[in-house]
Amino acid sequence: MKFAILSRNSKLYSTRRLVEAARGQGHSVRVLDPLRCYMRIANDGFGMRYKGGRISGYDAVIPRIGASVTRYGCAVLRQFQLMGTATPSDAEAIARARDKLRCHQLLAAEGIGLPDTVFGDNPDDTADLLALLGPPPHVIKLNEGTQGAGVMLTEKPSASRGAVETLRGLYANFLVQEFIAEARGADLRCFVVGDRVVAAMRRQAPKGEFRSNLHRGGTAKPVRITRAETATAVRAARALGLGVAGVDMLRSKRGPLVLEVNSSPGLEGIEAATGVDVAGCIVSHVVGLAQSRGNEDRTPI
């Protein structure tokens, strides 16, 4: 099969591993920078070019679209879809996952556990908004932050109000959530491919930090997750329409709570911690998708 991987940097670990896995399974593969793809859209067909050459004949595309290029990257992925190319996660699913507010609304609508979350716009409502969560600590996070950036913990009512007022002054979109103390600075990263969790790790925040992201100095080790945690991770990915997802959860007194669903989860941490060939699992899943639907390239131009 002929694969495309949408990635801005072919040297990134995740991109390299996907290339290796695809070639290891006997497929041809090319890394395409989504920002160098450009499109023709017409009622007689859809076409795309890359650095002056025509893009056509791809059986499958694996998106590795960074948060900073979500809009254009999703447009490129959508064009691939319209040209009949299979993908594990479509453009709309990636856009849903990138918007934390929308993501939480969709998860809650499916009855999936998550920390209580509030969102509001008018400064006059700040006191009542925070009262909906109860007393601090509160977790305040930017609506489109990644890798722990734009996430803060406030431990006093005055600190919560001050953070909210500051972010509103910057015209930032943000959420406020309850702090789950019993998690003790640890979370679970469950890597979902298709309808199963192929690998899972427990991440622990360093001393003095509440964010467990590996980019923030957190440590990781493999973990055996429960049936409830497995079911929650798979349901969360399915609720957003993602065929490949990193589902971050907390263990709480009321069961697993979903923090975030990542549409382009990194492979380095999970493969190092668990020893699982996650890249190979992704490629095998995408091959199955392409085989099941066939490839109908719609009049490339």
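User: How many salt bridges does the count come to?

Analyst: The count comes to 13 salt bridges, where a salt bridge is a side-chain nitrogen of Lys or Arg within 4 Å of a carboxyl oxygen of Asp or Glu. Bear in mind that this is a predicted model, where local features need pLDDT of at least 70, side-chain atom pairs count only at pLDDT 80 or more, and totals for chains, interfaces and linings use all residues. Residues are numbered from 1 along each chain as its sequence is written, and side-chain values use heavy atoms, with hydrogens and water left out.

User: Why do such side chains pair in general?

Analyst: Side chains of opposite charge can pair when their charged atoms come close.

User: What makes Glu260 and Lys100 a salt bridge?

Analyst: Their N to O distance is 3.9 Å, and the cut-off is 4 Å, so the pair qualifies. Glu260 sits in strand S15 (residues 255-262) and Lys100 in helix H4 (residues 100-109), so this bridge ties together parts that are 160 residues apart in sequence. Helices (H or I, at least four residues) and strands (E, at least two) are DSSP runs, numbered from the N terminus.

User: Why is Lys100 called buried, and what is Glu260 called?

Analyst: Buried means under 20% relative accessible area, exposed over 50%, and partly exposed in between (1.4 Å probe, protein chains only). Lys100 has 6%, so buried is the word. Glu260 comes out at 24%, so it counts as partly exposed.

User: How do you know that Arg254 and Glu178 form a salt bridge?

Analyst: Their closest N and O atoms are 2.3 Å apart. Arg254 is in the loop between strand S14 (244-252) and S15, while Glu178 is in strand S10 (residues 174-178), so the pair ties together parts 76 residues apart in sequence. Glu178 has a relative accessible area of 17%, so it is buried.

User: Which parts of the chain do Asp248 and Arg189 link?

Analyst: The two side chains meet in a salt bridge at 2.4 Å, N to O. Asp248 belongs to strand S14 and Arg189 to strand S11 (residues 186-193), distant parts that are 59 residues apart. Asp248 has 5% relative accessibility, so it counts as buried; Arg189 has 8%, so it is buried as well. Elsewhere, salt bridges that share partners join Arg17, Glu20, Glu271 and Asp277 into one network.

User: Is Asp124 buried or exposed?

Analyst: Exposed: its relative accessible area is 70%, so it passes the mark for that word. You'll find Asp124 in the loop between strand S7 (117-118) and helix H5 (126-131).

User: And what is Arg36 called?

Analyst: Arg36 is in the loop between strand S2 (28-32) and strand S3 (37-42). Its relative accessible area is 40%, so it is partly exposed.

User: Where does Val234 lie, and why is it called buried?

Analyst: Val234 lies in helix H7 (residues 227-240). Its relative accessible area is 9%, so it counts as buried. Val234 and Val247 are 13 residues apart in sequence and 8.4 Å apart in space, C-alpha to C-alpha.

User: What makes the protein as compact as a globular protein of its length?

Analyst: Its secondary structure comes to 9 helices and 15 strands. The radius of gyration is 20 Å, close to the 19 Å that the globule rule gives for 301 residues, so the protein is as compact as a globular one of that length. That radius is taken over C-alpha atoms, and the rule is 2.2 Å times the number of residues to the power 0.38. Of the 301 residues, 49% count as buried.
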